[in-house]
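Please look at the sequence and the structure before reading on.

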Amino acid sequence: MAHFRQAATALVLIFQFHLLFSLSNAHNITKILAKDPDFSTFNHYLTATHLADEINRRQTITVLAVDNSAMNSILSKGYSLYTIRNILSLHVLVDYFGAKKLHQITDGTTSTASMFQSTGSATGTSGYVNITDIKGGKVAFGVQDDDSKLTAQYVKSIFEKAYNISVLHISQVLTSPEAEAPTASPSDLILTTILEKQGCKAFSDILKSTGADKTFQDTVDGGLTVFCPSDSAIGKYMPKFKALSAANKTALVLYHGMPVYQSLQMLRSGNGAVNTLATEGDNKFDFTVQNDGEEVTLETDVVTAKITGTLKDQEPLIVYKIDKILLPREIYKTVKAAASAPKSSNHKPKNAEADEDADGPSADAPGDDDGEVADDKNGAVSVMITQKSTFVTAIVGLCFGVWLM
């Protein structure tokens with residue numbers, strides 16, 4: 001019994017260590033800045049624009065904070081909240097720069113991406129910030145699309161947690177013509193227009209043809225994530241799409257939207273089943289988000305699609321491009337049932353109930369590529385099981401070692 005208690009204690013200690021390690025990577029920018037009232041205005045607008053949530057979700061980040069007097073330079077201009085978000089997103093660097101690293105920049109200058117670069121409003125490298133170690137031990141900052149002018153200087157370090165988060169005080173607000181440009185409010189964001197401008201005209205066309213564009217548009221203000229298949233993927237699928245019933249066409253299109261805003265970081269950290277705009281009552285119409293390192297995939301039990309890029313990120317709207325059309329099992333369950341039957345059988349099913357669940361195998365059958373994805377998915381499951389088994393084996397081995405002591 002004593003040995004058993006020792007083993008149990010070892011397991012508890014391992015769990016507590018793992019929990020402590022996970023929590024050690026968390027940070028809260030609101031609490032960090034709240035300790036100094038000089039940054040209360042900057043802190044308030046990080047929260048109001050939802051940038052604080054995005055900062056807290058990132059594992060590696062640098063925040064260039066400005067004090068209350070410096071914030072007056074942009075607040076006095078009457079910018080909308082969404083334009084202020086763009087300006088402040090220039091102050092969030094997606095890399096770690098502590099006070100020590102600022103003075104160790106190779107060749108004395110570097111350029112690093114800010115969160116503005118991923119908003120969809122930044123063109124070219126306009127969302128990049130230049131950092132230069134100048135004479136006298138001073139460090140200056142400037143936005144790349146503002147003629148690379150070094151308009152702000154490093155003042156002091158507010159908070160640092162090595163390679164996780166750094167909060168630095170800089171002298172002035174970083175601005176640029178791109179970030180200061182008038183920004184539409186969510187109700188002014190016309191989704192189909194955005195899709196057409198971002199290379200998703202084919203998806204925009206089927207949104208309009210099914211009338212699903214109204215549902216998407218009505219959801220924007222409360223938060224919307226859109227997964228846009230490439231034009232080539234839609235082109236290959238169109239013969240099957242045309243053969244679907246009107247109800248299934250609408251459901252399939254709605255299946256490509258989530259009624260919440262989900263940044264790429266949120267998708268990476270929140271693996272699991274998610275609801276879609278097609279979810280209603282007993283009709284789940286969900287799919288599973290999975291990530292393998294930086295790659296994020298969407299698994300529907302029929303096909304696995306990969307996110308290939310972010311076309312627009314302006315909270316509460318975000319649009320991703322995916323390499324395949326998402327095929328829901330609610331429409332394709334006839335095909336799945338047929339696929340599980342022995343290949344050698346040439347007999348048709350005696351009852352035709354299964355045929356009522358879809359518009360016909362010829363219309364709904366996944367293509368050859370979809371079959372390959374299913375095989376890959378099974379392989380991924382095997383890898384996951386193997387990894388879990390290895391972990392369990394290690395724990396059991398440790399417990400056995402403790403028991404022998």
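## Cavities

The largest cavity has a volume of about 50 Å³. A cavity is found on a 1 Å grid over the protein atoms alone, as a set of points where a 1.4 Å probe fits but cannot get out. Grid points are joined across faces, edges and corners, and the volume is the space filled by probe spheres set on the points. Rolling a probe the size of a water molecule over the atoms shows where empty space is left. Searching the whole structure gives two cavities of 30 Å³ or more.

Lining the largest cavity are E54, R58, R85, M115, S118, T119, Y261 and D313; a lining residue has an atom within 4 Å of a point. This lining divides into two nonpolar, two polar and four charged residues. Here Ala, Val, Leu, Ile, Met, Phe, Trp, Tyr, Cys and Pro count as nonpolar, Asp, Glu, Lys and Arg as charged, and the others, Gly among them, as polar.

## Basis of the model

The model is predicted: local features need pLDDT of at least 70, side-chain atom pairs count only at pLDDT 80 or more, and totals for chains, interfaces and linings use all residues. Residues are numbered from 1 along each chain as its sequence is written, and side-chain values use heavy atoms, with hydrogens and water left out.

## The chain as a whole

The chain has 17 helices and 14 strands. These are DSSP runs numbered from the N terminus, with at least four residues for helices (H or I) and at least two for strands (E).

Of the 405 residues, 42% are buried, meaning under 20% relative accessible area with a 1.4 Å probe, protein chains only. Among contacts with a separation of 6 or more, 65% join residues 24 or more positions apart; a contact means heavy atoms within 4.5 Å.

## The seven-stranded sheet

Seven strands form an open sheet with mixed pairing, in the order β2-β1-β7-β6-β5-β4-β3. β2 (92-93) and β3 (109-113) are at the edges with a single partner strand each, so one side of each has no neighbour in the sheet. Two strands pair if DSSP finds at least two bridges between them.

β3 and β4 pair in the antiparallel sense over five bridges, and S111 has N130 in β4 as its bridge partner. Strand β4 (residues 128-133) also pairs with β5 (residues 139-143), in the antiparallel sense and over five bridges. There N130 stands opposite G142, and V129 stands opposite V143. The hairpin of β4 and β5 has five residues between the strands, and G136 takes a positive phi near 80 degrees in this hairpin.

Definitions and conventions: Buried means under 20% relative accessible area, exposed over 50%, partly exposed in between (1.4 Å probe, protein chains only). On a 1 Å grid over the protein atoms alone, a cavity is a set of points where a 1.4 Å probe fits but cannot get out, and a pocket is an open set with protein on both sides within 12 Å along at least five of seven lines; lining residues have an atom within 4 Å of a point.
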